[in-house]
Amino acid sequence: IGLDAFYKCSSLTTITMPDGVTILGADAFSFCTSLTEVTMPNSLTSIGSNAFSGCSSLTEIEIPDSVTSIGESAFSDCKKLTSITIPDSVTSIGDGTFYGCTGLTEITIPDGATSVGFQTFSGCTSLKKITIPDSVTSIENNAFYGCASLTEIVIPDGVTKIYSGAFYKCTSLTEITIPDSVTNIRVGAFCGCTSLKKIVIPDGITSIEGSVFYGCTSLTEITIPDSVTSIWSSAFRGCSSLTEITIPD
């Protein structure tokens with residue numbers, strides 16, 4: 001199904017793709033604002049960029065086990081999407097895949113994924129629970145930006161880098177576990193996490209970059225490991241509840 005095939009078909013409500021379809025092109029159903037039901041065949045291997053972007057009436061979708069890649073912003077701004085199952089066959093999830101999916105409450109990232117991409121869940125304001133598999137090695141820029149309902153997250157041992165703004169303005173996040181495998185936490189990674197009370201920085205970190213904990217107004221305790229040699233500008237700016245900090249030699 002080619003590029004823009006059903007772009008802005010605003011009255012389309014239901015679609016069943018026949019067996020034999022292997023590729024869903026970029027923007028294929030983008031802005032089909034009345035689309036509520038989609039059936040994909042087991043022959044499908046690829047969902048293109050923006051394939052369902054702006055399908056604001058879509059509430060649920062099941063991706064078949066045959067799919068190996070999901071393109072950039074494939075489901076962005078699907079504001080009523082509450083449930084989606086991503087099979088383990090998927091090894092590539094593009095940037096901004098679920099950007100602005102304000103109704104999404106829970107999701108499991110498949111075991112084959114190696115990263116949580118740029119803005120993948122940015123603006124998913126109802127997202128309460130997410131499972132990140134051990135195969136993931138990096139959490140990219142603004143991956144969970146503004147996920148205001150996310151209360152807890154476990155970062156798996158395989159992750160080595162948390163990029164800029166990864167959890168920016170996750171205002172309900174009270175607890176986060178950073179594994180020792182993480183060697184780099186970039187600028188503003190936890191900026192504006194106003195409910196975060198305690199965090200342990202792993203031993204592999206050598207610098208605390210700018211604005212990493214800026215505005216974490218509930219943060220009361222932090223331990224900086226001996227491996228840290230520099231603390232950048234505004235790293236703890238506005239941490240008004242911080243009563244104790246230990247800086248290494």
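**Surface, pairing and backbone**

Me: What relative accessibility does isoleucine 231 have, and so how is it classed?

Reply: Isoleucine 231 falls in the partly exposed class. Buried means under 20% relative accessible area and exposed over 50%, with partly exposed in between (1.4 Å probe, protein chains only). Isoleucine 231 is therefore classed by its relative accessibility of 37%.

Me: Which pLDDT limit applies to side-chain atom pairs in this model?

Reply: Residues are numbered from 1 along each chain as its sequence is written, and side-chain values use heavy atoms, with hydrogens and water left out. The model is predicted: totals for chains, interfaces and linings use all residues, local features need pLDDT of at least 70, and side-chain atom pairs count only at pLDDT 80 or more.

Me: In which strand does isoleucine 231 lie?

Reply: Strands (E, at least two residues) and helices (H or I, at least four) are DSSP runs numbered from the N terminus. Residues 230–231 form the strand that holds isoleucine 231, namely E20.

Me: What is the area of the nonpolar surface patch that includes Ile231?

Reply: A patch is made of residues with over 30% relative accessible area and no salt bridge, nonpolar side chains (Val, Leu, Ile, Met, Phe, Trp, Tyr) being joined within 5 Å and like charges within 9 Å. Accessible areas come from the Shrake-Rupley method with a 1.4 Å probe, and for residues only the protein chains shown count as cover. Ile231, Ile245 and Ile247 make up this nonpolar patch, with an area of about 250 Å².

Me: What is the relative accessibility of aspartate 134?

Reply: Aspartate 134 sits in the loop between strand E11 (129–131) and strand E12 (138–139). The residue counts as exposed because its relative accessibility is 63%.

Me: How many residues apart in sequence are the parts tied together by arginine 186 and glutamate 209?

Reply: Arginine 186 and glutamate 209 form a salt bridge whose closest N and O atoms are 3.0 Å apart. Arginine 186 lies in the loop between strand E16 (184–185) and strand E17 (198–200), and glutamate 209 in the loop between strand E18 (207–208) and strand E19 (221–223), so the parts tied together are apart in sequence by 23 residues.

Me: How far is the sulfur of cysteine 170 from the closest cysteine sulfur?

Reply: A disulfide is a pair of cysteine sulfur atoms within 2.5 Å, and the structure holds zero disulfides. Cysteine 170 is buried, at 0% relative accessibility. Its closest cysteine sulfur is in cysteine 147, too far for a bond, at 5.1 Å.

Me: What phi does asparagine 50 have?

Reply: Most residues other than glycine have a negative phi, and most peptide bonds are trans. Asparagine 50 lies in the loop between strand E4 (46–47) and strand E5 (60–62) and is partly exposed, with a relative accessible area of 24%. Although not a glycine, asparagine 50 has a positive phi of about 60°.

Me: What C-alpha distance separates phenylalanine 29 from tyrosine 7?

Reply: Phenylalanine 29 is placed in the loop between strand E2 (23–24) and strand E3 (37–39), and it counts as buried at 0% relative accessibility. Phenylalanine 29 and tyrosine 7 are 22 residues apart in sequence, and their C-alpha separation in space is 5.1 Å.

Key
A salt bridge is a side-chain nitrogen of Lys or Arg within 4 Å of a carboxyl oxygen of Asp or Glu.
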